[in-house]
Structures are given as structure tokens and as C-alpha cells.
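Please look through the sequence and the structure shown below before reading on.

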Amino acid sequence: ALVLLTHNKVFDYARIKCARFKGNDIGEFIDQKEFSGPLYEQVENTMSFAKTHINKSGKITELQRIDEYEIPLVAVREAISNAVVHRDYSISGADIKFAIFDDRIEITSPGLLPKTLDIEDIKMGRSEIRNKMIARFFKEINFIEEWGTGIRRIIKSCTDAGLEEPEFIETGMFFKVVIKKKSSDKVAISSDKVAI
């Protein structure tokens with residue numbers, strides 16, 4: 001309840017740090033923000049940051065102009081919501097990181113998958129909820145569906161947009177989602193360069 005609805009000092013590490021980096025590594029910031037407070041506000045503020053820094057292009061179809069982001073916002077929102085719902089809040093001092101590079105975005109969340117699941121399981125739609133109260137609240141406000149569809153929705157929205165299938169990586173005590181932009185195949189980049 002503390003992290004869901006209030007600003008609190010008990011879980012002051014329950015926040016999202018956002019950064020737009022110049023280039024494809026963490027050497028230079030273009031912009032950075034840190035969001036704390038109620039979890040649903042953190043998600044909304046992070047999405048605003050994403051919309052500011054993820055490029056979009058417009059095309060004219062018949063009489064309408066359609067703007068499309070280079071990474072589907074539905075994938076970004078799912079990944080961020082999943083990070084908030086499934087992170088391990090017992091790991092004190094660790095926060096969620098949302099990093100935007102020229103060639104990719106990365107969402108890094110404290111906590112590995114539950115021992116009963118592996119990456120292939122979650123790609124097939126299997127789910128195990130770590131934080132049931134947070135998941136229930138996010139379902140009530142339509143941020144998630146609680147049916148294990150989030151990862152599949154991330155994958156489908158990216159492949160439908162002509163992007164590579166996102167990477168899901170367990171590293172140290174963290175879980176990371178990497179979504180590459182279309183131009184990412186021109187530059188060989190390691191996905192483990194974000195500082196945790």
C-alpha cells in the first residue's frame with residue numbers, strides 16, 4: 001500500500017530512473033529524470049519521458065497523417081508496467097532503470113524470475129506474480145491484464161513493427177528487457193552496458 005499510493009521513506013528506492021544517452025553507451029547523458037511516489041504515477045511519468053525521447057515519424061495515408069514511434073509505445077508501457085509489478089521490492093537500494101540509446105532501449109528491474117520460471121516460459125505466456133497486491137491494483141486501473149500476456153504483447157508489437165524480437169536477460173540480480181531499433185543491426189552493441 002505504501003508504494004502503490006503514497007510518497008514514502010520506507011521504500012524510497014522504489015523509483016524509476018530514466019536516462020537518454022548520447023550514442024550507444026552510458027558515456028554521456030542527454031537527459032535524465034528520476035520518478036518516485038505512487039507507482040502508477042511513476043509509470044505515467046516514465047511514459048512521458050519515453051514519448052519525449054523516442055523518435056517518431058509521420059506518414060500520410062489518404063487524408064490522415066499517422067505518427068509512429070520507432071519503438072511501439074505499447075511495448076514500452078508493457079515492459080515498464082511489468083518491471084513495476086514484478087520487481088523484487090526486498091532488494092533495498094535498487095531501482096528500476098529505463099535507458100534510451102541511439103540503437104535500443106533497456107528496462108532493467110531488480111529481481112530475477114521466480115525459480116519456477118525461465119525466459120522461455122514467460123515468452124510462452126506463463127506467469128507467476130511476485131507482488132499480488134500491486135498486480136491486482138494495476139489490473140483494476142487497466143495497466144496489466146494478469147493473464148501472462150505482457151511479454152507476448154511486447155514481442156508481437158515489436159515484430160509487427162518490423163523490429164527484432166526483444167531480448168530478455170537475467171544478469172546478476174536483475175532482469176532486463178532490450179528492445180532494438182531498426183538501425184541497430186548496423187552497429188554491434190552489447191546489451192550489458194547499462195550500469196545497475
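## A helix and what follows it

In this predicted model, helix α5 is followed by Asn142, a residue whose phi is positive, near 65 degrees. Helix α5 itself spans residues 132-140, and within this helix Ile134, Ala135 and Phe138 are buried. Seen down the axis of α5, these buried residues fall within an arc of 100 degrees, so they line one face of the helix. An α-helix has 3.6 residues a turn, so residues three or four places apart point the same way. The face of α5 that is turned away from the buried side carries Lys132, Met133 and Glu140, which are exposed.

## The chain as a whole

The chain contains 6 helices and 8 strands, and, read along the sequence, these elements follow the pattern α-β-β-α-β-β-α-β-β-α-α-α-β-β. Of the 196 residues in the chain, 46% are buried. The accessible surface of the chain comes to about 10500 Å², and 51% of this surface belongs to carbon and sulfur atoms. Among contacts between residues at least 6 apart in sequence, 60% join residues that are at least 24 apart.

## Salt bridges

| Pair | N to O distance |
|---|---|
| Arg153 and Glu78 | 2.5 Å |
| Glu106 and Lys176 | 3.7 Å |
| Glu167 and Lys180 | 3.2 Å |

In the salt bridge between Arg153 and Glu78, Arg153 lies in helix α6 (residues 150-160) and Glu78 in helix α3 (residues 73-86), so the pair ties together parts that are 75 residues apart in sequence. Arg153 counts as partly exposed, at 25% relative accessibility, whereas Glu78, at 9% relative accessibility, counts as buried.

Is the pair formed by Glu106 and Lys176 buried or exposed? Glu106 has 0% relative accessibility and counts as buried, and Lys176, at 2% relative accessibility, counts as buried too. Glu106 and Lys176 form a salt bridge that links distant parts of the chain, with Glu106 in strand β6 (residues 104-110) and Lys176 in strand β8 (residues 174-180), 70 residues apart.

The side chains of Glu167 and Lys180 also meet in a salt bridge, and this pair links strand β7 (residues 167-171), where Glu167 lies, with strand β8, where Lys180 lies, 13 residues apart. Glu167 is partly exposed, with a relative accessible area of 26%, and Lys180 is partly exposed at 22%.

Finally, a network of salt bridges links Arg15, Lys17, Glu34, Asp95 and Lys97.

Technical notes:
Residues numbered from 1 in each chain as written. Predicted model: local features only at pLDDT ≥ 70, side-chain atom pairs only at ≥ 80, totals over all residues. Heavy atoms only, no water. Helix = DSSP H or I, 4+ residues; strand = E, 2+ residues; numbered from the N terminus. Buried < 20%, exposed > 50% of the residue type's maximum accessible area, 1.4 Å probe, protein only. Contact = heavy atoms within 4.5 Å. Areas by Shrake-Rupley, 256 points an atom, 1.4 Å probe, with all protein chains shown as cover. Arc of directions from axis to C-beta. Salt bridge = Lys/Arg side-chain N within 4 Å of Asp/Glu carboxyl O.
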